[in-house]
Amino acid sequence: MGYALNFNLIWRHFDKLWGGLLLSLELAVISIAIGIVIGLVLAVWYVSAGRAVRAAIAAYVEFIRNVPLILLVYLVFYGLPTVVDLAYSAQTSFILTLSVYSGAYLVEVFRSGLEAVPRGQLDAGKAIGLTPWQRLVHVRLPTMLRITLPALSNTFISLFKDTSIASVISVPELTYGAQWINFNTFRIVEVYLVTTAMYLFTGYALLFALRLVERRFRAAR
Amino acid sequence: MLTQIAYALPFLAQGFALTLWVSLLVVVLSLIAGVLLGVGLVYGPAPLRWAVRIFSDTIRGIPILVLMFFVYYGLPAIGLHLPSFWAAVLALTLFKTAQVIEYLRGAVGSIPKGQSEAAMAIGLTFRQRLAYVIFPQAFRRFLPPWINGVTDAVKGSALVSLLGITDLMQAINQVIGRTYEAMPLYILGALIYFAVNYALSLASRRLERRFSFIRE
């Protein structure tokens, strides 16, 4: 015991944490945006496809969900460039990984959302003469998005926390900034207290904001 | 390539054994701590409820990696010297305990209030109510998500590689450091993790289906 807290060095290097937090948010936002596209396309395809396509999509989902994220990050950053002729920065590599990762979770979210759209809405769409494409875009997807909004928010917040894994390939996000200060100033307890507070505050602020959005768009019953 | 990987297999198996050992410790310790704290959260006096709520929300609000570094680097700084293996197990257990608390709260919360009241009316003590009335019913709500959540412990255990512990993840990285066969080894590693976790999630789904016919 006898550890005296001294936050001076943390504030002196606070730009590492602040810049890191902004980058964490950026990584999460870009990845969920790409993940939503992957999830939507595959979910719509899944519900209308034959057996083989369904099996392939299910294999993608199950594989991603059952492998540690850190291994996927290594695989894409260190493994993939050895077999395909691609060169990318650590940051691009991480965004790619997190997008494919979130895509797998979102396929499941959207698929169950599509199934939850009341049958009567689709029949009503058919009755007023909408084409199948119009029924999808104007009836099925909007209702599905309202139903899945809470699950989307949760996925986003957990992706925000998952961005900490980017530190293992030296992407300078919040956890990386914390480690940098840890190793360079040895104000260990202080830096992790501040980092913890930053993750908590940002995470709960996001949750609160997203709950407000959800209330605005809640599916009519 | 294949001979090199075959040569590394015993080493990888050792790493895998360590991954399983870490996961098992975390799962057992967090089950005990989580059920105790979960009961505290549901039935405890207000200060205890608040303390458990803050603990759970804090732990679930930060990345496991930050929790792990905090425990690993922070404890020695305040004079507590844990071997890195136990620091890693402690951090993962804290994370998993918060999950178990929430599973338990959800499961117990799903039991209609009348059950508890009826048990009280026939004169059962608090412990008897839990043991004979609440827990047997809450068990089937608790088990499927809990088994599914074991996959989080197995996946989370891959982070101990960052503390220099030679689990499966670290063993794979070390073999790659010697053989430069990155892709085949990462894929092999992914398949091993997949096999363990997929089996767990199948078991969870099967149980859920088996319990689903029971109506409240």
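B:Y180 is exposed, with 11 other C-beta atoms within 10 Å; exposed stands for 12 or fewer such neighbours, buried for 20 or more, and partly exposed for anything in between, with C-beta atoms placed from the backbone. This residue sits in the loop between α7 (168-179) and α8 of chain B, and B:Y180 has a positive phi of about 60° although it is not a glycine. Keep in mind that this is a predicted model, where local features need pLDDT of at least 70, side-chain atom pairs count only at pLDDT 80 or more, and totals for chains, interfaces and linings use all residues. Residues are numbered from 1 along each chain as its sequence is written, while chains are lettered from A and ligands numbered from 1 in the order in which they are written.

**Chain A overall**

- Chain A comes out with nine helices and zero strands; helices (H or I, at least four residues) and strands (E, at least two) are DSSP runs, numbered from the N terminus.
- Read from the N terminus, the order of elements is α-α-α-α-α-α-α-α-α.
- Along the principal axes, the C-alpha atoms of chain A fill a box of roughly 75 × 45 × 25 Å.
- Of the 221 residues in chain A, 37% are buried.
- Among contacts in chain A with a separation of 6 or more, 80% link residues 24 or more positions apart; a contact here puts two C-beta atoms, placed from the backbone, within 7 Å.

**What the UniProt record says about chain A**

- The unreviewed UniProt entry marks "transmembrane region" over residues 20-47, 59-80 and 191-213 of chain A; positions follow the numbering used here, feature names are shortened, and annotations may be inferred rather than shown by experiment.
- In the model, residues 59-80 of chain A are 86% helix and 0% strand, with end C-alpha atoms 20 Å apart.
- Residues 191-213 of chain A are 100% helix and 0% strand, and their end C-alpha atoms are 33 Å apart.
- The unreviewed UniProt entry also places "domain: ABC transmembrane type-1" on residues 21-210 of chain A.
- That span, residues 21-210 of chain A, is 84% helix and 0% strand, and its end C-alpha atoms lie 19 Å apart.

**Where chain A meets chain B**

- The two chains touch through 32 residues of chain A and 29 residues of chain B.
- On the chain A side, the elements giving two or more residues are α3 (51-65), α4 (69-83), α8 (174-185) and α9 (188-217).
- The largest share of that side, nine residues, comes from α9(A).
- By class, the chain A side has 20 nonpolar, ten polar and two charged residues; Ala, Val, Leu, Ile, Met, Phe, Trp, Tyr, Cys and Pro count as nonpolar, Asp, Glu, Lys and Arg as charged, and the others, Gly among them, as polar.

**Helix α3 of chain B, a covered one**

- α3(B) is mostly covered, with eleven of its 14 residues buried.
- Those buried residues include B:I64, B:L67, B:F70 and B:Y73.
- The cover includes α8 and α9 of chain A together with α2 (46-61), α4 (84-109) and α6 of chain B.
- After α3(B) comes B:G79, with a positive phi near 95°.

**A helix pair in chain B**

- The axes of α6 (residues 126-156) and α8 (residues 182-212) of chain B come within 8 Å and cross at roughly 170°; axes are lines fitted to C-alpha atoms, for helices over the stretch in contact, and angles run from 0 to 180 degrees between N-to-C directions.
- α6(B) and α8(B) are therefore roughly antiparallel to each other, a label for angles over 145 degrees, with under 35 roughly parallel, 65 to 115 roughly perpendicular and the rest oblique.
- Residues making this contact include B:R140, B:L143 and B:I147 of α6(B), and B:Y193, B:L200 and B:F211 of α8(B).
- By class, the contact has eleven nonpolar, five polar and three charged residues.

- A:F186, in the loop between α8 and α9 of chain A, has a phi near 60°, a positive value in a residue other than glycine.
- Most residues other than glycine have a negative phi.
- A:F186 counts as partly exposed, with 13 C-beta neighbours inside 10 Å.
- A:A33 lies in α2 (residues 14-48) of chain A and is exposed, with 12 other C-beta atoms within 10 Å.
- The C-alpha atoms of A:A33 and A:F156 are separated by 9.7 Å, though the two are 123 residues apart along the chain.
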